[in-house]
There are 2 protein chains.
Amino acid sequence: LFVAEGVRTVEALLASSLGTTGLLHSPALLEDGRGRALLEGAQAIGVPITEISDADLTTAADTETPQGVLAIAAIPRHQLPAPAPGYRLLVLDALQDPGNVGTIVRTAAAMGVTATVSMPGTVDFWNAKVVRSSMGALFTHPVVQSSWEDLMRHLDEHDLPLWAADTAGTVLGPRLEVPAVLALAVGNEGAGLSAQVADRAALRVAIRMVPGVESLNVAVATGILLHALAPFTSVD
Amino acid sequence: LFVAEGVRTVEALLASSLGTTGLLHSPALLEDGRGRALLEGAQAIGVPITEISDADLTTAADTETPQGVLAIAAIPRHQLPAPAPGYRLLVLDALQDPGNVGTIVRTAAAMGVTATVSMPGTVDFWNAKVVRSSMGALFTHPVVQSSWEDLMRHLDEHDLPLWAADTAGTVLGPRLEVPAVLALAVGNEGAGLSAQVADRAALRVAIRMVPGVESLNVAVATGILLHALAPFTSVD
């Protein structure tokens, strides 16, 4: 089970195909039309609803501002999907900041990534802060927690090239030929790429930047790379 | 004056051309070599240093983890710079999240933006959380707090086209001709573009996304747009 907190996130959960086990709300949720509509929607699909005090809700919540509502749902289980044309697999190599990971999942969903896989050392996808910053993307975009062995087997089995984000790599530009199917790894906020990714990567790719600037935020860098490597970009 | 918190941020401040008024640290800073080197560097350039308790440092700090050190420095004052070839002006239209604004300033510095200007309703550039998430970029990248009147006068005076990020706009692609000098506005996290930007924008630009996805995080979207519109991108 995982916890979804806040009006927008719970709305996205109820609109998704995931089953919601239960919903807790404080009296404050009934004060505006959007909150009331949310509760009516949950009731209509048979979600068990419990009203609790604001103080109890804040205690139950992981984030500071649960906005009067949280819901509990079952974690969806996905396998690493097999490649098809336009396949993009995003590999999170020990990313630790929940806000970054949630934002990256949201970006991956928008950029046509097939699935996002996390390596050991990465924050749990179902941490409440990751759920919240993914803005609902976790409820539709397939995410898989995996081991290095399973990922390497998957790459071998499907002959999938692995690229890795690296500020010292080949600068992305229109002349770089992007494979039809691709796995892209992004590394830890501080330490960068793990030895496993560094050993395996067929190509290291960089984002052109002003000389002397150290690095970009990892969620921003991942967004720029996924946009440049998106399966639909080459159509233009 | 503004406050810079944390080892990395204070290191960047001391390495910049800004004058540091004073530095507060707790005994914990002396426990590792990096902290000691920071203090020696500050001492060498004549920064007044005061040791205080961990409890007092936490009270003085705005962020939760000041990492044993904070410094105080004078806010640099910039004017809106006049256009030259490759000029890019980034306009923040009522952005409210300090983490987003700091990350955007960091990204703007890396993407060759000439200056970043904030419109009324935008969080203060010198808020401690903005300073921290800019990772030192605020100490070198020119930022200006302005009014709509002053910005509009600047655009008129220099015949600067204003583009605005809008999910319903023209999709960015290699066929879009980018002006030699350009101002780009990005809107509030929830409300989007203000009436002032909507009225003035010569072009609204969008990022190609999977249909049905609502939006990207504003810092990620700004990163993708600045990368696509960077003055050095067209060189390739």
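Which elements of chain B make a right-handed β-α-β unit? They are strand E5(B), helix H4 (residues 98-110) and strand E6(B). A crossover is right-handed if, with the strands pointing away from the viewer, the path from the first strand over the helix to the second runs clockwise.

## Basis of the model

This is a predicted model, in which local features need pLDDT of at least 70, side-chain atom pairs count only at pLDDT 80 or more, and totals for chains, interfaces and linings use all residues. Residues are numbered from 1 along each chain as its sequence is written, chains are lettered from A and ligands numbered from 1 in the order in which they are written, and side-chain values use heavy atoms, with hydrogens and water left out.

## Strand E5 of chain B

Helices (H or I, at least four residues) and strands (E, at least two) are DSSP runs, numbered from the N terminus. Buried means under 20% relative accessible area, exposed over 50%, and partly exposed in between (1.4 Å probe, protein chains only).

In a regular strand the side chains alternate between the two faces of the sheet. Here Arg88(B), Leu90(B) and Leu92(B) lie on one side, with Leu89(B), Val91(B) and Asp93(B) on the other, and all are buried.

Two strands pair if DSSP finds at least two bridges between them. E5(B) pairs in the parallel sense with strand E9(B) (residues 182-187) over 6 bridges, and Leu90(B) stands opposite Leu184(B). E5(B) also pairs in the parallel sense with E6(B) (residues 115-118), over 4 bridges; there Val91(B) stands opposite Val117(B).

## Contact between the chains

Chain B and chain A each give 29 residues to the contact, which means heavy atoms within 4.5 Å. About 2600 Å² is buried between them, 61% of it on carbon and sulfur atoms; this is the accessible area (1.4 Å probe) that two parts lose on being put together, summed over both. Helices H4 and H8 (218-228) of chain B each supply at least two residues of the side that touches chain A.

Arg204(A) in strand E10(A) and Asp166(A) in strand E8(A) are 38 residues apart. Arg204(A) is partly exposed at 35%, whereas Asp166(A) is buried at 18%.
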